[in-house]
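Dear colleague,

I am passing on to you the structure we spoke about, with the sequence alongside. My notes on what I found follow below it, and I would be glad if you read them with the model open.

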Amino acid sequence: MTDMPMEDAPVRGSLTQVDARTKKRNAAEKRFKAYGIGAILIGVAFLIVLAVSIVRSGAPAFTHTVMDVEFTVTQEEFDAAEGELFKTKAYSNLFISKLAAQLEEVGLEIDIQEDAIERLLGKVGADIREFYRENPDALGTPNRFELSASSRVDGYFNGRVTRDTLVESRFLMLADLDLVDVLHEAGIIKGAFNWNFITGADSGVDNPGGAGIGASVIGSFFMMLVVLFLSLPIGVAASIYLEEFAPKNRFTDLIEVNISNLAAVPSIVFGILGLAVFIQFMHLPQSAPLVGGLVLTLMTLPTIIISTRASLRAVPPSIRDAALGVGASKMQAVFHHVLPLAMPGILTGTIIGLAQALGETAPLLLIGMVGFVARGYPEGVVAGFTDPNSAMPAQIYTWAARADASFYDKAWGGIIILLIFLLSMNILAIILRRRFERRW
Amino acid sequence: MYDVPTTERGVISNQVKFEAKNVQVFYGDTHAIKDVDVEIADKTVTAFIGPSGCGKSTFLRCLNRMNDTIDICRVEGKISLDGDDIYDKRVDPVQLRAKVGMVFQKPNPFPKSIYDNVAYGPRIHGLAKNKAELDDLVEKSLRRGAIWDEVKDRLDSPGTGLSGGQQQRLCIARAVATEPEVLLMDEPCSALDPIATSQVEELIDELRANFSVVIVTHSMQQAARVSQKTAFFHLGNLVEFGETSQIFTNPIDERTESYITGRIG
């Protein structure tokens, strides 16, 4: 049938002998595999270094040093202290005498100065007075106090503060460390899990020990609610319209190009846009999760639209034909058949978009969520959206920028919490995809 | 090729279902269908044959306006169903497609249960008042699709889990469930093995009792076996249209003869 005259096939060597070309090709394949393995190993090595350094630097944020003391205050002692002119001082002295008695029991003896205790524990007298004024029933029965030690004591135990490097100041004297050692030996000063770091709110710049990430987790949560409930319906509706209904012309091409471009716009641009539109023009409250959520919605929308359109496009056209062929309207075809099949892709895209938004710091810088000290939890749901708050990445940034070295630990600890949230969101995305994935 | 067996059964009805006059179809600048005039009778199997790219599938898809989904496709001329112009502005293609069902080349069941596949059409058109009626309709349709006995015990299992031939019969059952008047079939057997093909062909012959069937096929034997009327398309033109027995035994046009004897195609 062919016009070419057939020639005899060239004579080839034996199959048992590998010829030069084959050798070369095999060598090239081996080299390529080696590069691939090398690349993966480098990636894994970086990942391990990253994980180890984050855990090592962040772990101290989850423990703190506490002074665990148990003693009884009688009614007479309470009355006597309340009768004094300097009540807090009276309680401090009461505490010191109780502490000394406890040390004596285990056979240790050291002179405890009032100002030394204040350097180690802060205004302990005020704390004890407040406790007994609020709980007068506790008088006369033994009571256990777990008092947080100052961040310098934390530093002494995790090696940041040593006797050699200590500069005596109003925060810590060399003699205080002798007292700390004795108390440690008696088992009164010890390390404990710092629940306050997870549940608490941020503290001022002078109190790293009391800083917690809880309030900013709540801030992030309200922000993500705004992002989810705005960007998912808007994004999915926009993608369905563009993909299934919109005519293909220059105008829709332009929209398409712009959506792709928006996905690549630096997040700080969205931040300044949010500042101009939401705060300066619309006068929404500054530093509020509502505004943060609105800005992050703008940022997340392109991501959701692009992934939704991709998953809609991945649904085979034969399914649309089948639905139209039995007389379904276009909308019925989309909502009954196409959308359910595209759901796993849409969910994955949405969760990845949310995870991106959760870790975003730059736009929050401009709307005042960075540097804001969230000293408490919002009261109620509405306040959660409108009260000034911080968000996790913003809180981490704030801590990292503070002068006190103890905040450095907190920043790392905050990163661990943030990564836990991100990882669980990604795992959720994978589970949802597996769960809803259907073959056709 | 003159000894191809043809059906002995004559055309039962001469009542015209579809009437196409001077139909032109354009894909952008390409003139895909030129001056097609054809009358499709009720309760008859009409076969469209012709080489690849001759426009027979395109013309078939004009009959239930499936070409509307292709942006660049433009249809001119007049196609009427029972006297109504189906390209009239007042005609909703959704209503048209309920009357004119379609079976596609590749079996395309929904990724749902067998029951839901068949029940989908009746549900969106409101053909059943209650669950019992719907159950009856599903059973009737599956019986008409000649697949009831094979699936009656597993109506809840996914339709995509059936074999290719079963899937195609399920798609036919799905198409007849909306009680259409015309059934369009676009190469329904091209993805099937010979056994499944003969089952579907038998089914087509039975469906003729209730519907007008239009089938596009590449197999001339199939056209000869199942149809009473045959239309031969070539390069966008309707070359010849007539009784199947006449087309296969005594074609008038030279091109028809060349095609059915295997010289062009």
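Where in chain B is K129(B) found? K129(B) sits in the loop between α3 and α4 (131-144) of chain B. Please keep in mind throughout that this is a predicted model. K129(B) counts as exposed because it has 8 C-beta neighbours inside 10 Å, and its C-alpha atom is separated by 31 Å from that of Y87(B), a residue 42 positions apart from K129(B) along the chain.

Another loop residue of chain B is V91(B), placed between β5 (84-85) and α2 of that chain. V91(B) counts as partly exposed, because there are 14 C-beta neighbours inside 10 Å, and, when residues up to four places away in sequence are not counted, V91(B) touches I86(B) and L96(B).

Next, the contact between the chains. Here 21 residues of chain B are in contact with 18 residues of chain A. On the chain B side, the elements that give two or more residues are α2 (93-99), β6 (100-103), α3 (114-125) and α6 (164-177), and of these α3(B) gives the most, with 4 residues. Sorted by class, the side of chain B that touches chain A is made up of 10 nonpolar, 7 polar and 4 charged residues.

Turning to the domains, the assignment for chain A gives domain 1 (60-193) and domain 2 (214-436). The C-alpha centres of domain 1 and domain 2 of chain A lie 47 Å apart, and the contact between them takes 7 residues from domain 1 of chain A and 7 residues from domain 2 of chain A. The side of domain 1 of chain A that touches domain 2 has 3 nonpolar, 2 polar and 2 charged residues.

Chain A also has an open sheet of 3 strands, in the order β2-β1-β3, with antiparallel pairing. Because β2 (143-148) and β3 (189-193) of chain A stand at the edges with a single partner strand each, one side of each is left without a neighbour in the sheet. From one strand to the next, the twist averages 45°. Strand β1 (residues 63-71) of chain A is joined to β3(A) by 5 bridges, and the two run antiparallel; across this pairing, M67(A) stands opposite I189(A) in β3(A).

As for the nonpolar cores, the largest has 141 residues, and those that touch the most other members are F48(B), L183(B), L184(B), V213(B), V214(B) and I215(B). Helix α14 (residues 330-358) of chain A gives the most to this core, with 12 residues. There is also a second, separate core of 21 residues, which includes M67(A), F95(A), L99(A) and I188(A); M67(A) is the residue already mentioned as standing opposite I189(A). As for F48(B), if its neighbours within four places in sequence are left aside, it is in contact with K56(B), F59(B), L60(B), V214(B), V216(B), A231(B) and F233(B). As general background, nonpolar side chains tend to be buried together in soluble globular proteins.

Which elements do the buried residues of α17(A) pack against? Helix α17 (residues 392-400) of chain A is mostly covered, with 8 of its 9 residues buried, namely M392(A), P393(A), A394(A), Q395(A), I396(A), Y397(A), T398(A) and W399(A). These buried residues pack against α9 (214-245), α15 (362-366) and α18 (406-436) of chain A.

S287(A), in the loop between α11 (267-281) and α12 (289-313) of chain A, has a phi near 60°, which is a positive value in a residue other than glycine. S287(A) counts as buried, because 22 C-beta neighbours fall inside 10 Å. D35(B), which lies in strand β2 (residues 30-41) of chain B, likewise has a positive phi, near 45°, and is a residue other than glycine. D35(B) is exposed, because 12 other C-beta atoms lie within 10 Å, and 12 or fewer is the cut-off for that class.

With best wishes

Notes
Residues are numbered from 1 along each chain as its sequence is written. Chains are lettered from A and ligands numbered from 1 in the order in which they are written. This is a predicted model: local features need pLDDT of at least 70, side-chain atom pairs count only at pLDDT 80 or more; totals for chains, interfaces and linings use all residues. Two residues are in contact if their C-beta atoms, placed from the backbone, lie within 7 Å. Ala, Val, Leu, Ile, Met, Phe, Trp, Tyr, Cys and Pro count as nonpolar, Asp, Glu, Lys and Arg as charged, and the others, Gly among them, as polar. A residue is buried if 20 or more other C-beta atoms lie within 10 Å of its own, exposed if 12 or fewer, and partly exposed in between; C-beta atoms are placed from the backbone. A nonpolar core is a set of buried Ala, Val, Leu, Ile, Met, Phe, Trp, Tyr and Cys residues joined through C-beta atoms within 7 Å. Domain bounds come from an automatic or database domain assignment. Two strands pair if DSSP finds at least two bridges between them. Axes are lines fitted to C-alpha atoms, for helices over the stretch in contact, and angles run from 0 to 180 degrees between N-to-C directions.
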